[in-house]
Amino acid sequence: MMTKNYYRFTEPLKLLLVITAIIFLVFILSSCAARKKTFTESNKVQAAEDEPYVVVEEMPEFPGGDSALLQYIGDNTKYPESAKIKGVAGKVIVRFCVNRTGAVDRVSVIKGVDSELDKEAIRVVSVLPSFKPGKQGGKNVSVWYMVPISFALNDKATMTPPPPPPPPPPLPDISTSAVSVVEETPGASSEPFVVVEEMPVFPGGDEGLINYIAANTKYPESAKINQLEGKVIIRFCVEETGTVDRVTVLRSVEPSLDAEAARVVSSIPAFKPGKQGGKPVPVWYMIPVDFKLH
């Protein structure tokens, strides 16, 4: 009789303990899942924030400008002896990221020549001093940057600045304009490249491009009267044929200056087109235009 009463008393207690254990287990599993989801979402947000930009309102700047960057690379690059012996020469295109602190990281070879030359190009770019970071919306952001390093046997390694990114040096005192976007030419390719093996080249190089814009830009009278100055950043596409198209104002100053900038860039003569895999391709190009009143 006592045994029956004992089981009657303990059975509900056991059931209660089992139910409590199940509820506790479900709670623990739900908490773990919630923490995992929060962690995953946090990681996604962090990854999105760390994704470098290609073009920003204020591009990164090397201390002393592009000429100082050229000088640094020229002075610090050592031609590998093994490459000299083999008679290996060529241009290594290196891409890297200028992060939010201005430091250089994520260095990689976009177009290689020889394993030894590639390694040397990566080494010298990896030891570049910090840049002034790029900015978007007033905040420091990570930005992709690219440099081609030429190795020539009759000289030490040199670097020549490519078309942007980053943008060429600031232009002389000239005027510019802004229509937000200029219509795209029918039949233009859909998605231009940002970086290619052979970047577009303007007749006469960057200096020729600067001179063309300076000679053909007219400072709007209304902007002169209102004492308006500033830098307009223009992006455009150099199509497979070398023609300029898809002109857009990335950073505006004032409507009349923006419009003049878009106009003069739209009138730029054809470039030697960029190439990828030996074939002409459309490539994005960016140029800043400064307006200053004397």
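A: Glu81 counts as exposed, at 51% relative accessibility, where exposed means over 50% relative accessible area, buried means under 20% and partly exposed lies in between, computed with a 1.4 Å probe on protein chains only. This is a predicted model, in which local features need pLDDT of at least 70 and side-chain atom pairs count only at pLDDT 80 or more, whereas totals for chains, interfaces and linings use all residues. Residues are numbered from 1 along each chain as its sequence is written, and side-chain values use heavy atoms, with hydrogens and water left out.

Glu81 forms a salt bridge with Lys84, their closest N and O atoms being 3.6 Å apart; the term stands for a side-chain nitrogen of Lys or Arg within 4 Å of a carboxyl oxygen of Asp or Glu. The two residues are three apart in helix 3 (residues 81-86), and therefore separated by about one helical turn, helices being DSSP runs of H or I with at least four residues, numbered from the N terminus. Lys84 is partly exposed, with a relative accessible area of 40%.

The structure holds seven salt bridges, and among them is one between Arg123 and Glu120, with the closest N and O atoms 2.7 Å apart. Both residues lie in helix 4 (residues 115-126), three residues apart, about one turn of the helix; Glu120 is buried at 9% relative accessible area, while Arg123 is partly exposed at 35%.

Asp105 and Arg106 also form a salt bridge, with 3.8 Å between the closest N and O atoms. Asp105 is partly exposed at 24% relative accessibility, and Arg106 is partly exposed at 38%.
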